Amino acid sequence: MRPMLPEPLKKSYLKAKEMIDSAEDIKIYSHIDCDGICAGALLSSTLDRQDKEHDIEFIGLDKLDDIKIENQLTIFSDLGSGQPIDRISNSSSQIIILDHHPPLRTLHYNSKVSGKFLEINPLFYGIDGTSQISGGGLSYLLAKKFGLECLSWIGVLSAIGDMQHSLHGKLKGLNEIVLQDSVEHGLVHSSADLSLYGRQTRPLFVALSYFGDVNLPITNNKTEAILCLKKLGIAHKNNDRYRTLTDLTTSEKSKLFSELVRLLTREVPEKYIKYIPRLIMGDIYEFLNEEEYTYFRDASEFSTAINACTRNNNADIALDILKGDRLEAVNELENLARLHRKYLAQKLAMIEDEDLLASTDNLQYFHAPEIKNEVIGTITGMFLSHGDWQKPILGFTGMGKDDGLKVSLRCSRLLSYDGIHFGHIIKKVAEKVGGTGGGHAVACGAYIPSSRQHEFIRLFNNALDGLI
Ligand SMILES: [Mn+2]
(Lines give C-alpha, C1' and ligand atoms only; values in the text may rest on other atoms or scores of the structure.)
Protein backbone atom coordinates (compact mmCIF):
# COMPACT_ATOMS: atom_id res chain seq x y z
CA MET A 1 0.00 0.00 0.00
CA ARG A 2 1.15 3.49 -0.78
CA PRO A 3 1.97 5.46 2.38
CA MET A 4 0.15 8.76 2.75
CA LEU A 5 1.30 12.13 4.01
CA PRO A 6 -0.55 13.16 7.18
CA GLU A 7 -3.08 15.94 6.40
CA PRO A 8 -1.30 18.67 8.41
CA LEU A 9 1.97 17.83 6.65
CA LYS A 10 0.21 18.20 3.28
CA LYS A 11 -1.03 21.63 4.36
CA SER A 12 2.49 22.64 5.39
CA TYR A 13 3.76 21.74 1.94
CA LEU A 14 1.03 23.82 0.30
CA LYS A 15 2.04 26.71 2.51
CA ALA A 16 5.72 26.22 1.56
CA LYS A 17 4.77 26.32 -2.11
CA GLU A 18 2.86 29.58 -1.60
CA MET A 19 5.83 31.13 0.20
CA ILE A 20 8.10 30.18 -2.71
CA ASP A 21 5.59 31.36 -5.32
CA SER A 22 5.51 34.81 -3.78
CA ALA A 23 9.25 35.19 -3.13
CA GLU A 24 11.64 36.92 -5.51
CA ASP A 25 14.91 36.57 -3.66
CA ILE A 26 15.71 33.23 -2.05
CA LYS A 27 18.66 31.73 -0.21
CA ILE A 28 19.11 28.02 0.49
CA TYR A 29 21.33 26.68 3.26
CA SER A 30 21.74 22.94 3.15
CA HIS A 31 23.79 20.45 5.14
CA ILE A 32 27.17 19.47 3.69
CA ASP A 33 26.69 15.71 3.45
CA CYS A 34 25.21 13.44 0.80
CA ASP A 35 21.63 13.89 2.03
CA GLY A 36 22.03 17.66 2.38
CA ILE A 37 23.54 18.07 -1.08
CA CYS A 38 20.72 16.03 -2.62
CA ALA A 39 18.22 18.18 -0.69
CA GLY A 40 19.92 21.34 -1.96
CA ALA A 41 19.99 20.04 -5.55
CA LEU A 42 16.28 19.24 -5.37
CA LEU A 43 15.40 22.71 -4.08
CA SER A 44 17.71 24.50 -6.48
CA SER A 45 16.37 22.56 -9.49
CA THR A 46 12.82 23.30 -8.33
CA LEU A 47 13.56 27.04 -8.11
CA ASP A 48 15.34 27.00 -11.51
CA ARG A 49 12.22 25.60 -13.13
CA GLN A 50 10.14 28.41 -11.60
CA ASP A 51 12.70 30.98 -12.81
CA LYS A 52 13.35 32.01 -9.22
CA GLU A 53 16.55 33.86 -8.45
CA HIS A 54 18.41 32.03 -5.67
CA ASP A 55 21.73 31.32 -3.98
CA ILE A 56 22.72 28.06 -2.39
CA GLU A 57 25.32 27.32 0.24
CA PHE A 58 26.34 24.04 1.88
CA ILE A 59 27.43 24.32 5.48
CA GLY A 60 28.31 22.28 8.55
CA LEU A 61 26.15 22.55 11.65
CA ASP A 62 28.90 24.45 13.47
CA LYS A 63 28.70 27.29 10.89
CA LEU A 64 25.00 27.97 11.34
CA ASP A 65 25.55 30.41 14.19
CA ASP A 66 27.61 32.70 11.95
CA ILE A 67 25.08 33.28 9.18
CA LYS A 68 23.08 36.46 8.64
CA ILE A 69 19.59 36.25 7.28
CA GLU A 70 19.31 38.86 4.54
CA ASN A 71 17.07 37.43 1.85
CA GLN A 72 13.33 37.73 1.49
CA LEU A 73 13.00 33.95 1.89
CA THR A 74 15.59 31.64 3.43
CA ILE A 75 15.20 27.86 3.16
CA PHE A 76 17.12 25.53 5.46
CA SER A 77 17.30 21.90 4.38
CA ASP A 78 18.59 18.82 6.19
CA LEU A 79 19.47 21.14 9.05
CA GLY A 80 17.85 23.93 11.06
CA SER A 81 15.51 21.99 13.33
CA GLY A 82 18.20 21.49 15.95
CA GLN A 83 19.38 25.11 15.80
CA PRO A 84 17.91 28.34 17.19
CA ILE A 85 17.11 29.70 13.71
CA ASP A 86 14.24 31.75 15.14
CA ARG A 87 16.78 33.78 17.10
CA ILE A 88 18.93 34.75 14.09
CA SER A 89 15.98 35.61 11.86
CA ASN A 90 14.58 39.14 11.69
CA SER A 91 11.04 40.36 11.33
CA SER A 92 11.15 41.14 7.62
CA SER A 93 12.41 37.77 6.41
CA GLN A 94 10.57 34.52 5.85
CA ILE A 95 11.93 31.14 6.83
CA ILE A 96 11.23 27.57 5.70
CA ILE A 97 12.93 24.68 7.48
CA LEU A 98 12.81 21.18 5.95
CA ASP A 99 14.58 18.90 8.38
CA HIS A 100 14.32 15.37 9.76
CA HIS A 101 16.58 15.79 12.79
CA PRO A 102 15.17 16.14 16.33
CA PRO A 103 13.51 19.59 16.58
CA LEU A 104 14.17 22.19 19.28
CA ARG A 105 10.85 23.93 18.66
CA THR A 106 7.35 22.49 18.74
CA LEU A 107 4.86 22.57 15.89
CA HIS A 108 3.03 25.24 17.86
CA TYR A 109 5.88 27.67 17.14
CA ASN A 110 4.82 27.78 13.46
CA SER A 111 1.48 29.32 14.28
CA LYS A 112 2.98 31.80 16.75
CA VAL A 113 4.95 33.48 13.94
CA SER A 114 2.22 33.02 11.41
CA GLY A 115 3.10 33.55 7.79
CA LYS A 116 6.78 34.14 8.44
CA PHE A 117 8.11 30.88 9.79
CA LEU A 118 7.39 27.37 8.56
CA GLU A 119 9.12 24.33 9.96
CA ILE A 120 8.46 20.97 8.31
CA ASN A 121 9.71 18.05 10.36
CA PRO A 122 8.35 14.47 10.26
CA LEU A 123 8.93 14.12 14.01
CA PHE A 124 6.10 16.62 14.61
CA TYR A 125 3.79 13.89 13.28
CA GLY A 126 5.42 10.92 14.99
CA ILE A 127 7.29 9.89 11.84
CA ASP A 128 10.83 8.63 12.47
CA GLY A 129 13.48 10.73 10.76
CA THR A 130 16.19 8.09 10.60
CA SER A 131 14.39 5.38 8.62
CA GLN A 132 11.18 6.90 7.19
CA ILE A 133 12.26 10.06 5.37
CA SER A 134 15.55 11.84 4.62
CA GLY A 135 16.31 15.53 4.26
CA GLY A 136 16.38 15.04 0.49
CA GLY A 137 13.06 13.18 0.69
CA LEU A 138 11.47 16.17 2.44
CA SER A 139 12.79 18.46 -0.29
CA TYR A 140 11.50 16.11 -2.97
CA LEU A 141 8.00 16.24 -1.47
CA LEU A 142 8.16 20.01 -1.99
CA ALA A 143 9.42 19.60 -5.58
CA LYS A 144 6.45 17.29 -6.11
CA LYS A 145 4.06 20.13 -5.24
CA PHE A 146 5.50 21.86 -8.32
CA GLY A 147 4.87 18.75 -10.43
CA LEU A 148 8.54 17.76 -10.58
CA GLU A 149 8.28 13.99 -10.14
CA CYS A 150 11.18 13.80 -12.61
CA LEU A 151 13.46 14.72 -9.68
CA SER A 152 12.31 11.85 -7.46
CA TRP A 153 15.44 9.77 -8.12
CA ILE A 154 17.49 12.33 -6.17
CA GLY A 155 15.19 11.72 -3.20
CA VAL A 156 16.01 7.99 -3.43
CA LEU A 157 19.72 8.75 -3.59
CA SER A 158 19.50 11.02 -0.55
CA ALA A 159 17.80 8.29 1.51
CA ILE A 160 20.54 5.79 0.66
CA GLY A 161 23.22 8.41 1.40
CA ASP A 162 21.57 8.97 4.77
CA MET A 163 21.55 5.19 5.46
CA GLN A 164 17.76 5.20 5.88
CA HIS A 165 17.65 1.63 4.56
CA SER A 166 20.34 0.24 6.85
CA LEU A 167 18.21 -1.38 9.51
CA HIS A 168 15.54 -3.00 7.32
CA GLY A 169 17.55 -3.49 4.13
CA LYS A 170 14.98 -1.44 2.21
CA LEU A 171 13.34 1.97 2.07
CA LYS A 172 10.31 2.33 4.33
CA GLY A 173 7.65 4.87 5.30
CA LEU A 174 7.47 8.17 3.40
CA ASN A 175 10.63 7.09 1.55
CA GLU A 176 8.35 4.66 -0.27
CA ILE A 177 6.39 7.58 -1.78
CA VAL A 178 9.63 8.93 -3.20
CA LEU A 179 10.66 5.50 -4.43
CA GLN A 180 7.30 4.71 -6.04
CA ASP A 181 7.28 8.04 -7.89
CA SER A 182 10.74 7.32 -9.27
CA VAL A 183 9.79 3.78 -10.28
CA GLU A 184 6.58 4.96 -11.95
CA HIS A 185 8.54 7.55 -13.91
CA GLY A 186 11.02 4.95 -15.14
CA LEU A 187 13.91 6.53 -13.25
CA VAL A 188 14.72 3.83 -10.71
CA HIS A 189 14.68 0.07 -10.69
CA SER A 190 14.58 -1.55 -7.29
CA SER A 191 14.84 -5.25 -6.48
CA ALA A 192 15.94 -7.62 -3.74
CA ASP A 193 19.45 -8.75 -4.56
CA LEU A 194 22.85 -9.58 -3.15
CA SER A 195 23.92 -6.40 -1.46
CA LEU A 196 27.71 -6.40 -1.76
CA TYR A 197 29.07 -2.89 -2.17
CA GLY A 198 30.42 -1.93 -5.61
CA ARG A 199 27.97 -3.77 -7.83
CA GLN A 200 28.59 -1.63 -10.94
CA THR A 201 32.24 -0.60 -10.75
CA ARG A 202 34.18 -3.07 -8.61
CA PRO A 203 35.41 -6.37 -10.00
CA LEU A 204 33.38 -9.00 -8.14
CA PHE A 205 36.42 -10.52 -6.45
CA VAL A 206 37.41 -7.08 -5.16
CA ALA A 207 33.87 -6.46 -3.86
CA LEU A 208 34.03 -9.81 -2.07
CA SER A 209 37.41 -9.02 -0.52
CA TYR A 210 35.96 -5.85 1.01
CA PHE A 211 33.34 -7.80 2.94
CA GLY A 212 33.98 -6.48 6.43
CA ASP A 213 30.97 -7.02 8.70
CA VAL A 214 32.47 -10.36 9.68
CA ASN A 215 36.05 -11.46 9.10
CA LEU A 216 35.85 -14.21 6.49
CA PRO A 217 38.69 -15.99 4.67
CA ILE A 218 37.93 -13.72 1.67
CA THR A 219 38.12 -10.50 3.73
CA ASN A 220 41.07 -8.35 2.57
CA ASN A 221 42.24 -11.33 0.53
CA LYS A 222 41.71 -11.02 -3.24
CA THR A 223 43.39 -14.35 -4.00
CA GLU A 224 41.03 -16.14 -1.64
CA ALA A 225 38.08 -14.27 -3.21
CA ILE A 226 39.07 -15.45 -6.72
CA LEU A 227 39.46 -19.02 -5.43
CA CYS A 228 36.02 -18.82 -3.85
CA LEU A 229 34.49 -17.81 -7.21
CA LYS A 230 36.42 -20.56 -9.03
CA LYS A 231 35.16 -23.15 -6.60
CA LEU A 232 31.59 -22.04 -7.32
CA GLY A 233 32.17 -22.16 -11.08
CA ILE A 234 31.62 -18.40 -11.40
CA ALA A 235 33.96 -16.84 -13.96
CA HIS A 236 35.64 -13.74 -12.56
CA LYS A 237 36.47 -12.42 -16.02
CA ASN A 238 34.47 -12.00 -19.18
CA ASN A 239 37.07 -11.99 -21.96
CA ASP A 240 39.33 -9.13 -20.91
CA ARG A 241 36.97 -7.45 -18.52
CA TYR A 242 36.52 -8.30 -14.86
CA ARG A 243 32.92 -9.16 -14.09
CA THR A 244 31.01 -7.13 -11.52
CA LEU A 245 28.13 -8.25 -9.32
CA THR A 246 25.67 -6.81 -11.84
CA ASP A 247 26.98 -9.21 -14.53
CA LEU A 248 26.03 -12.36 -12.61
CA THR A 249 23.11 -14.52 -13.68
CA THR A 250 20.40 -15.33 -11.16
CA SER A 251 21.75 -18.83 -10.66
CA GLU A 252 25.30 -17.53 -10.11
CA LYS A 253 23.97 -15.07 -7.56
CA SER A 254 22.15 -17.79 -5.68
CA LYS A 255 25.28 -19.96 -5.61
CA LEU A 256 27.25 -17.05 -4.22
CA PHE A 257 24.51 -16.33 -1.70
CA SER A 258 24.60 -19.93 -0.40
CA GLU A 259 28.38 -19.88 -0.16
CA LEU A 260 28.38 -16.61 1.81
CA VAL A 261 25.73 -18.02 4.15
CA ARG A 262 27.92 -21.11 4.65
CA LEU A 263 31.08 -19.06 5.34
CA LEU A 264 29.25 -16.73 7.70
CA THR A 265 27.52 -19.52 9.60
CA ARG A 266 30.92 -21.04 10.36
CA GLU A 267 32.23 -17.75 11.66
CA VAL A 268 29.52 -16.05 13.73
CA PRO A 269 28.27 -16.88 17.24
CA GLU A 270 24.91 -18.66 17.43
CA LYS A 271 22.94 -15.54 18.35
CA TYR A 272 23.80 -13.86 15.03
CA ILE A 273 22.95 -16.75 12.71
CA LYS A 274 19.38 -15.63 12.12
CA TYR A 275 20.60 -12.25 10.85
CA ILE A 276 22.93 -13.64 8.16
CA PRO A 277 20.56 -13.31 5.17
CA ARG A 278 19.93 -9.67 6.11
CA LEU A 279 23.65 -9.04 5.95
CA ILE A 280 24.03 -10.12 2.32
CA MET A 281 20.60 -9.51 0.83
CA GLY A 282 18.74 -6.25 0.56
CA ASP A 283 16.92 -3.98 -1.87
CA ILE A 284 19.18 -2.34 -4.40
CA TYR A 285 18.38 0.85 -6.30
CA GLU A 286 19.53 1.41 -9.84
CA PHE A 287 19.24 4.70 -11.73
CA LEU A 288 18.00 3.79 -15.17
CA ASN A 289 19.12 6.98 -16.92
CA GLU A 290 22.72 6.48 -15.85
CA GLU A 291 25.24 4.45 -17.80
CA GLU A 292 25.94 0.92 -16.64
CA TYR A 293 29.31 0.19 -15.02
CA THR A 294 29.58 3.76 -13.71
CA TYR A 295 29.16 4.68 -10.07
CA PHE A 296 26.18 6.85 -10.99
CA ARG A 297 24.15 3.74 -11.84
CA ASP A 298 23.96 2.31 -8.31
CA ALA A 299 22.57 4.35 -5.40
CA SER A 300 25.16 3.18 -2.85
CA GLU A 301 28.08 3.86 -5.15
CA PHE A 302 26.66 7.23 -6.23
CA SER A 303 26.31 8.28 -2.60
CA THR A 304 29.96 7.36 -1.97
CA ALA A 305 31.02 9.56 -4.90
CA ILE A 306 29.06 12.47 -3.42
CA ASN A 307 30.63 11.86 -0.05
CA ALA A 308 34.07 12.01 -1.64
CA CYS A 309 33.11 15.60 -2.64
CA THR A 310 31.75 16.64 0.73
CA ARG A 311 34.69 15.18 2.66
CA ASN A 312 36.99 17.31 0.54
CA ASN A 313 34.85 20.44 0.71
CA ASN A 314 33.82 20.28 -2.92
CA ALA A 315 30.07 20.23 -2.60
CA ASP A 316 29.69 22.30 -5.78
CA ILE A 317 30.97 19.48 -7.98
CA ALA A 318 28.36 17.15 -6.51
CA LEU A 319 25.67 19.81 -6.98
CA ASP A 320 26.57 20.21 -10.67
CA ILE A 321 26.42 16.45 -11.20
CA LEU A 322 23.03 16.13 -9.51
CA LYS A 323 21.63 19.06 -11.49
CA GLY A 324 22.78 17.42 -14.72
CA ASP A 325 25.72 19.69 -15.42
CA ARG A 326 28.08 16.82 -16.06
CA LEU A 327 30.65 17.87 -18.65
CA GLU A 328 33.41 19.22 -16.42
CA ALA A 329 32.10 18.02 -13.10
CA VAL A 330 32.54 14.32 -13.90
CA ASN A 331 36.27 14.81 -14.62
CA GLU A 332 36.68 16.86 -11.48
CA LEU A 333 34.86 14.20 -9.50
CA GLU A 334 37.08 11.48 -10.89
CA ASN A 335 40.22 13.39 -9.91
CA LEU A 336 38.81 14.01 -6.49
CA ALA A 337 37.77 10.39 -6.02
CA ARG A 338 41.25 9.22 -7.02
CA LEU A 339 42.93 11.55 -4.51
CA HIS A 340 40.37 10.56 -1.89
CA ARG A 341 41.06 6.83 -2.35
CA LYS A 342 44.80 7.42 -2.24
CA TYR A 343 44.52 9.40 0.98
CA LEU A 344 42.35 6.73 2.60
CA ALA A 345 44.75 3.94 1.60
CA GLN A 346 47.74 5.86 2.98
CA LYS A 347 46.07 6.47 6.30
CA LEU A 348 44.87 2.87 6.63
CA ALA A 349 48.44 1.71 6.03
CA MET A 350 49.67 4.18 8.62
CA ILE A 351 47.30 2.88 11.31
CA GLU A 352 48.46 -0.63 10.55
CA ASP A 353 52.22 0.14 10.27
CA GLU A 354 52.29 2.18 13.44
CA ASP A 355 50.19 -0.41 15.25
CA LEU A 356 47.76 2.22 16.50
CA LEU A 357 44.82 -0.08 17.22
CA ALA A 358 44.32 -0.72 20.93
CA SER A 359 41.51 -2.58 22.62
CA THR A 360 39.60 -2.88 25.87
CA ASP A 361 37.19 -5.65 26.89
CA ASN A 362 34.30 -4.32 24.80
CA LEU A 363 35.75 -2.00 22.19
CA GLN A 364 38.78 -1.18 20.07
CA TYR A 365 40.11 2.24 19.16
CA PHE A 366 42.88 4.21 17.51
CA HIS A 367 44.00 7.79 17.92
CA ALA A 368 45.41 9.37 14.76
CA PRO A 369 45.59 13.19 14.98
CA GLU A 370 47.06 13.43 11.47
CA ILE A 371 43.83 12.20 9.86
CA LYS A 372 41.54 14.94 8.51
CA ASN A 373 38.45 15.08 10.71
CA GLU A 374 36.18 15.02 7.63
CA VAL A 375 37.26 11.46 6.82
CA ILE A 376 37.79 9.92 10.25
CA GLY A 377 34.43 8.10 9.95
CA THR A 378 35.27 6.66 6.53
CA ILE A 379 38.66 5.44 7.72
CA THR A 380 37.26 3.99 10.94
CA GLY A 381 34.72 2.04 8.88
CA MET A 382 37.40 0.73 6.54
CA PHE A 383 39.63 -0.32 9.42
CA LEU A 384 36.87 -2.45 10.96
CA SER A 385 37.82 -5.38 8.75
CA HIS A 386 41.41 -5.19 10.06
CA GLY A 387 40.37 -5.58 13.68
CA ASP A 388 37.92 -7.66 15.67
CA TRP A 389 34.51 -7.45 13.99
CA GLN A 390 32.73 -8.46 17.19
CA LYS A 391 33.63 -5.17 18.89
CA PRO A 392 32.86 -1.64 17.73
CA ILE A 393 35.81 0.42 16.58
CA LEU A 394 36.35 4.07 17.53
CA GLY A 395 38.66 6.41 15.64
CA PHE A 396 39.87 9.62 17.31
CA THR A 397 41.35 12.65 15.60
CA GLY A 398 41.93 16.30 16.41
CA MET A 399 39.65 19.18 15.41
CA GLY A 400 42.35 21.53 14.11
CA LYS A 401 42.52 24.87 15.87
CA ASP A 402 40.54 24.17 19.04
CA ASP A 403 41.65 21.37 21.30
CA GLY A 404 38.61 19.10 21.03
CA LEU A 405 38.60 15.60 19.61
CA LYS A 406 36.32 14.11 17.02
CA VAL A 407 35.50 10.45 17.50
CA SER A 408 33.75 8.22 14.97
CA LEU A 409 32.35 4.78 15.70
CA ARG A 410 31.67 1.99 13.23
CA CYS A 411 30.63 -1.61 13.83
CA SER A 412 29.40 -4.72 12.13
CA ARG A 413 25.73 -4.47 11.20
CA LEU A 414 25.21 -7.72 13.13
CA LEU A 415 25.58 -5.79 16.38
CA SER A 416 22.76 -3.43 15.43
CA TYR A 417 20.51 -6.24 14.20
CA ASP A 418 20.97 -7.69 17.66
CA GLY A 419 19.55 -4.48 19.14
CA ILE A 420 22.51 -2.28 20.04
CA HIS A 421 22.10 1.37 18.99
CA PHE A 422 25.53 2.97 19.22
CA GLY A 423 24.17 6.39 18.22
CA HIS A 424 22.19 6.49 21.47
CA ILE A 425 25.07 5.13 23.56
CA ILE A 426 27.67 7.54 22.18
CA LYS A 427 25.35 10.48 22.84
CA LYS A 428 25.02 9.57 26.53
CA VAL A 429 28.70 8.84 27.05
CA ALA A 430 29.82 12.01 25.23
CA GLU A 431 27.50 14.13 27.37
CA LYS A 432 29.02 12.62 30.54
CA VAL A 433 32.42 14.01 29.57
CA GLY A 434 31.12 17.40 28.47
CA GLY A 435 30.83 16.60 24.76
CA THR A 436 28.06 16.03 22.21
CA GLY A 437 27.32 13.03 20.07
CA GLY A 438 24.77 10.95 18.19
CA GLY A 439 23.99 9.28 14.89
CA HIS A 440 22.98 5.92 13.51
CA ALA A 441 23.06 2.51 15.18
CA VAL A 442 26.15 1.37 13.26
CA ALA A 443 27.73 4.68 12.31
CA CYS A 444 27.88 7.57 14.73
CA GLY A 445 30.24 10.05 16.31
CA ALA A 446 30.95 12.62 18.98
CA TYR A 447 32.98 15.71 19.84
CA ILE A 448 34.69 15.56 23.23
CA PRO A 449 37.29 17.60 25.16
CA SER A 450 40.81 16.16 24.59
CA SER A 451 41.57 16.02 28.28
CA ARG A 452 38.73 13.55 28.84
CA GLN A 453 39.54 11.01 26.14
CA HIS A 454 40.59 8.26 28.58
CA GLU A 455 37.54 8.77 30.73
CA PHE A 456 35.39 8.62 27.57
CA ILE A 457 36.93 5.29 26.55
CA ARG A 458 36.51 3.87 30.05
CA LEU A 459 32.86 4.98 30.32
CA PHE A 460 32.10 3.71 26.83
CA ASN A 461 33.64 0.35 27.62
CA ASN A 462 31.58 0.12 30.82
CA ALA A 463 28.39 1.11 29.00
CA LEU A 464 28.85 -1.94 26.76
CA ASP A 465 29.20 -4.45 29.59
CA GLY A 466 26.82 -7.30 28.97
CA LEU A 467 25.84 -5.97 25.51
CA ILE A 468 28.77 -7.20 23.42
MN1 LIG B 1 19.96 14.01 6.61
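Predicted model: local features only at pLDDT ≥ 70, side-chain atom pairs only at ≥ 80, totals over all residues.
Colleague: How do you know that domain 1 and domain 2 are in contact?

Modeller: Two residues count as in contact if their C-beta atoms, placed from the backbone, lie within 7 Å, and by that test 20 residues of domain 1 are in contact with 18 residues of domain 2. On the side of domain 1 that touches domain 2, α2 (34-49) and α6 (152-161) each supply at least two residues, and the largest share, seven residues, comes from α2. The residues of that side divide into twelve nonpolar, six polar and two charged.

Colleague: What makes β10 (358-359) and β14 (436-439) edge strands?

Modeller: They belong to an open sheet of six strands with mixed pairing, in the order β10-β11-β12-β13-β15-β14, and both are called edge strands in that each pairs on one side only.

Colleague: In what sense do β11 and β12 pair, and over how many bridges?

Modeller: β11 pairs with strand β12 (residues 393-398) in the parallel sense, over four bridges, and in β12 the bridge partner of Phe366 is Gly395. From β11 the chain crosses through helix α15 (residues 376-383) to β12, in a β-α-β crossover that is right-handed.

Colleague: Which helix packs on the sheet, touching β13, β14 and β15?

Modeller: Helix α17 (residues 422-432) packs there, touching β13 (404-410), β14 and β15 (443-449), and its direction makes about 175 degrees with that of β14. Gly423 is found in this helix.

Colleague: Why is Gly423 called buried?

Modeller: A residue is called buried if 20 or more other C-beta atoms lie within 10 Å of its own; Gly423 has 20 other C-beta atoms within 10 Å, and is therefore buried. Not counting residues up to four places away in sequence, Gly423 touches Gly438, Gly439, His440, Ala441 and Cys444. Gly423 and Ile351, by comparison, are 72 residues apart in sequence and 24 Å apart in space, C-alpha to C-alpha.

Colleague: Which residues of helix α7 are buried, and what do they pack against?

Modeller: In helix α7 (residues 175-184), the residues Asn175, Ile177, Val178, Leu179, Asp181 and Ser182 are buried, and the buried residues of α7 pack against α5 (135-145), α6 and β6 (188-194). Just after α7, Gly186 takes a positive phi of about 70 degrees.

Conventions:
Residues numbered from 1 in each chain as written. Nonpolar A, V, L, I, M, F, W, Y, C, P; charged D, E, K, R; others polar. Pairing = 2+ DSSP bridges. Axes fitted to C-alpha atoms, helices over the stretch in contact; angles between N-to-C directions. Buried ≥ 20, exposed ≤ 12 C-beta atoms within 10 Å, placed from the backbone. Right-handed = clockwise from strand over helix to strand, strands pointing away.
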